[in-house]
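Subject: Structure handover

Hello,

Here is the structure I promised to pass on. Please open it alongside this email.

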Amino acid sequence: MTTDTGDSLRDEALYYHEFPRPGKLEIRATKPLANGRDLARAYSPGVAEACTEIAADPTAARRYTARGNLVAVVTNGSAVLGLGNIGPLASKPVMEGKAVLFKKFANIDCFDIELDATDPERMADIVCALEPSFGAINLEDIKAPDCFIVEQICRERMNIPVFHDDQHGTAIVVGAAATNALRVAGKNFEDIRIVSTGGGAAGIACLNMLVKLGVKRENIWLCDIHGLVYEGREVDMNPQKAAFAQPSDKRTLDDVIEGADLFLGLSGPGVLKPEMVAKMTARPIIFALANPRPEIMPTDARAVAPDAIIATGRSDFPNQVNNVLCFPFIFRGALDVGATEINDAMQIGCVEGIAALARATTSAEAAAAYQGEQLTFGADYLIPKPFDPRLMGVVASAVARAAMESGVAERPIDDLVKYKADLDGSVFKSALIMRPVFQAAAKSSRRIVFAEGEDERVLRAANAVMEETTETPILIGRPDVIATRCERAGLAIRPDTDFEVVNPENDPRYRDYWETYLGLRERHGVTPDLARAIMRTNTTAIGAIMVHREEADSMICGTFGQYLWHLNYVTQILGTDTLHPVGALSLVIGEGGPLFIADTHVNAEPTPQQLADAVIGCARHMRRFGVEPAIALCSSSEFGNLDTRSGRTMRAALAILDSAPRDFAYEGEMNVDTALTPALRERVFPHSRFSGAANGLVFANSDAASAVRNTLKARAGGLEVGPILMGMGNRAHITTPGVTARGLLNIAAIAGTPVAEYG
C-alpha cells in the first residue's frame with residue numbers, strides 16, 4: 001500500500017487506520033506504576049482492599065474502579081451501515097471508531113466487543129453477562145428484527161442502561177431535526193401526514209419517536225421493499241412493522257405520497273422520485289437519510305419543490321442527521337446520575353436539548369470548525385454541528401434532569417446548574433478557572449468598547465457578552481459592515497439595535513473626540529490635522545478616548561497589529577501618574593493546571609522595580625481567578641550561582657519585594673524546572689519560601705516569558721487567557737492577533753470587573 005495519503009480517499013483511510021500503529025485505540029494507566037510501592041497498591045496486596053469494599057457494597061465499584069465511566073460497544077456485525085452483514089471481525093474498525101467518538105465528545109471510556117453470535121437470544125445472554133464490567137451498553141449494527149429481541153431481553157435483565165444507537169440515536173436526532181423543520185415550515189406534529197420508507201430498526205424507532213412527539217399513528221404510512229405496510233399483509237412482517245399497518249387498498253409509495261408533509265427515508269438510493277415530491281404538500285420536509293446515496297438528491301428535490309426543507313445523512317449537504325449529536329451525551333448524562341436505564345423521558349430530553357441548541361446563536365467554536373457554512377437557524381440549519389462544544393453541557397444536563405425526574409437516577413445530582421457548568425468546563429478549558437471572574441463581573445454592568453468592531457471574532461464575543469454577562473458592548477466600526485458580517489455569521493444581533501456603534505467615518509462626537517485627543521497630546525507634537533486624522537482612522541485611539549471621557553469603562557483592542565503599537569496609544573491617552581503599564585500577564589491552561597506568565601509584552605528588559613511591580617500585579621490578578629499565588633522569579637541563575645544580568649536583576653527585584661510585607665508567596669531567582677518541580681527545588685535549595693510547584697512565573701525579559709507562553713500553547717496544547725494588561729486599573733486590555741472569540745469573551749469578563757473588586 002502506498003504511503004501517499006493524497007492518492008485517494010481509500011488510501012487515506014487505510015493509512016489512517018494502519019499508521020503510526022494499527023487501530024484507533026489504546027489502553028493507558030491512570031495511576032502511577034513506577035516503583036514497588038505503586039505496585040503494592042495497584043495489585044497485590046493493596047488491591048484486596050478495594051475488592052473487599054466492593055464485595056461489601058457493590059455501589060463502591062464506582063469509587064474504586066473505572067466501571068462508572070465505562071461503556072461497551074457491542075455488535076455481531078450483522079447490519080453494518082452501508083456494508084450489511086459483514087460479520088463481527090470486519091465490523092471491528094467501526095466499533096473502534098464508535099469508542100473513539102465516545103472518548104472525544106464525552107470523555108467516556110469505551111471497549112469495543114465484537115461477538116460471533118448470530119442467534120439473538122444467545123447474544124443477549126452474552127451481553128447480560130457483561131454487566132459487572134460496564135456502566136452501560138451501546139448495542140450497534142445488529143440486524144432487524146434481532147436487534148429488537150436483543151435489546152428487549154437486555155433491558156429486562158440488566159440494571160444498567162442498554163441503548164441500541166442505530167434505533168434510538170437515529171430517532172433522537174431525527175426527532176430534533178423534525179421539531180425544528182416543523183417550526184420553520186409553520187406546522188405541528190399532531191397535524192402532519194408522514195410517509196416513510198424503510199422498515200428496519202432505525203426506521204421503526206424514528207416513527208415511534210415521532211409518535212411520542214405528537215404525530216398521530218393513523219397519519220403514518222410505512223413502506224418497505226415490498227410496498228406499503230397494510231393490514232393483512234403477510235410478507236416480511238414483524239410486530240414492529242405491524243404496529244404501523246394501514247387499513248388501505250393502496251400498495252406503493254407513489255400511491256401514498258400525495259399530500260404528505262414529511263418524507264422519512266431510511267431505505268436506499270433513488271427511492272423517492274421528483275414526481276413524487278411534486279405530489280407532497282407546500283413546503284415539504286424531506287429526510288432522505290440513506291447513505292452514501294440518499295433516497296433523492298437535494299438538487300433533484302428542489303427542482304420540483306424549491307421551498308423544500310431537506311436533511312440527509314451526508315456531511316456534504318446541510319442538516320446531516322448524525323448520531324454523534326446524541327449518543328455520547330445521552331450516555332454522559334445517564335452515567336453521571338447512575339441511571340438504571342435510558343427511558344423515553346431521557347430520550348425526549350435529548351431531542352429537546354439538541355433542537356433548542358440549533359435555535360440558539362451559533363457558537364464561535366462551531367463556526368471556526370465549519371468555516372464557510374451558514375450556521376443560522378432555518379431550513380439549512382435544523383440541528384447543531386457535531387463539533388459544537390455546547391452539546392455536552394446542554395444535552396447531558398437535559399438527560400440527567402429527565403432521568404432524575406422520571407425516577408431512574410440512583411445518584412441524583414443536587415445542583416444541575418453547577419453540573420452543566422462542570423460539563424462546559426470539561427469542554428472549554430478556560431470555563432472552570434474563569435468562573436470566579438464571570439461571577440465577579442456579574443455584579444456590575446460595565447460598558448466595554450471593542451476597538452476592532454468589524455472583526456467576526458469581536459462580533460461573536462459581543463453576542464456572547466450580551467448572553468452571558470451584564471456588560472454592555474460598544475463596537476467601533478462601520479454599521480453597514482457590522483450588520484452584513486453579523487448576518488453572514490448567523491448572529492441575530494444588529495448594530496444600534498442590540499449594541500451601540502461608533503462609526504469612525506460619521507459620528508456626531510467626532511469633533512469632541514479629536515479636540516479631546518489634541519488637548520491631551522498637543523504638547524507632544526500632535527497638531528489639529530493629525531488629531532483629526534487619528535480620530536478618523538485609529539480605532540484603538542478612539543476607544544481609549546471613549547474611556548478617558550467616561551463613555552466606556554474599559555476597552556479591548558489588539559485583534560490585529562503589533563502589541564506595542566496599541567500600547568502606545570493606550571498609554572498616551574489613559575496613562576496617569578498612578579496608572580501606567582506594569583506588564584502583560586498571560587494565563588496558560590494546560591494538563592497540569594493553570595500557569596501565569598509575565599511579562600510577555602510590555603517591558604523588553606525590565607528594571608528591578610518593574611519586575612517587583614509585575615510580581616505584585618501578577619499576585620493580585622491570580623487571586624481574581626481563585627488561585628493562591630506561588631510566584632517564581634525565573635532566571636538562568638539559580639539562587640546566586642551565576643553572575644548574569646538576569647540573576648542580578650532578579651536579586652534586586654527580590655530585595656525590593658522583601659522591603660515591605662507581602663501577603664503572597666514568592667521566591668527566586670531560580671530556573672523554570674526548579675520552580676515547577678518541588679523535589680528538585682528541595683534538593684538544590686531546601687529553605688525555599690514556598691512548597692509545591694510554582695503557579696506564577698515572572699521572567700527577567702519578555703523574550704523568555706513569550707517563549708515559554710508560546711511553547712506551552714503550540715506544543716503542549718495550552719489555552720491562553722489574556723494577555724491581561726496590568727497597571728492600567730482595568731481600563732484597557734490588549735489582546736494578540738491569535739485571540740479567539742472565546743478569548744475575547746474571557747478578556748471582556750476580566751474587563752467587566754471593577755478594579756476595586758480585586759484591589
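Below is what was found in it, starting with the whole chain and then going region by region.

**Overall**

Please keep in mind that this is a predicted model. The protein has 32 helices and 21 strands. Its C-alpha atoms fill a box of roughly 95 × 75 × 55 Å along the principal axes. Of the 759 residues, 53% are buried. Take the contacts between residues at least 6 apart in sequence: 69% of them join residues at least 24 apart.

Strand 1 (residues 70–75) and strand 3 (residues 136–139) pair over 4 bridges, in the parallel sense. One detail to look up there: V71 has A136 in strand 3 as its bridge partner.

Helix 7 (residues 120–128) has P120, M123, A124, V127 and C128 buried. Seen down the axis of helix 7, these buried residues fall within an arc of 135 degrees, so they line one face of the helix. What do the buried residues of helix 7 pack against? They pack against strand 1, strand 3 and helix 8.

I172 sits in helix 9. Is I172 buried or exposed? Its relative accessibility is 0%, so I172 counts as buried. Leaving aside residues up to four places away in sequence, I172 touches F163, M209, C326, I330, Q347, C350, V351 and I354. As for A201, it is 29 residues from I172 in sequence, and the C-alpha atoms of the two are 13 Å apart in space.

The axes of helix 23 (residues 510–521) and helix 25 (residues 539–548) come within 10 Å. They cross at roughly 85 degrees. That makes helix 23 roughly perpendicular to helix 25. From helix 23, Y513, T516, Y517 and L520 take part in the contact. They meet I542, I545, M546 and H548 in helix 25. By class, this contact has 6 nonpolar residues, 2 polar residues and no charged ones.

Helix 24 (residues 528–537) comes next. Its buried residues are A531, I534 and M535. Seen down the axis of helix 24, they fall within an arc of 95 degrees, so they line one face of the helix. Which exposed residues does the face turned away from the buried side of helix 24 carry? They are D529 and T537. The cover over the buried residues of helix 24 includes helix 23, helix 25 and helix 26 (563–574).

**Where to look**

Then go to I172 in helix 9. End where helix 23 crosses helix 25 at roughly 85 degrees.

Best wishes

Key: Residues numbered from 1 in each chain as written. Predicted model: local features only at pLDDT ≥ 70, side-chain atom pairs only at ≥ 80, totals over all residues. Heavy atoms only, no water. Axes fitted to C-alpha atoms, helices over the stretch in contact; angles between N-to-C directions. Helix = DSSP H or I, 4+ residues; strand = E, 2+ residues; numbered from the N terminus. Parallel < 35°, antiparallel > 145°, perpendicular 65-115°, else oblique. Contact = heavy atoms within 4.5 Å. Nonpolar A, V, L, I, M, F, W, Y, C, P; charged D, E, K, R; others polar. Pairing = 2+ DSSP bridges. Buried < 20%, exposed > 50% of the residue type's maximum accessible area, 1.4 Å probe, protein only. Arc of directions from axis to C-beta.
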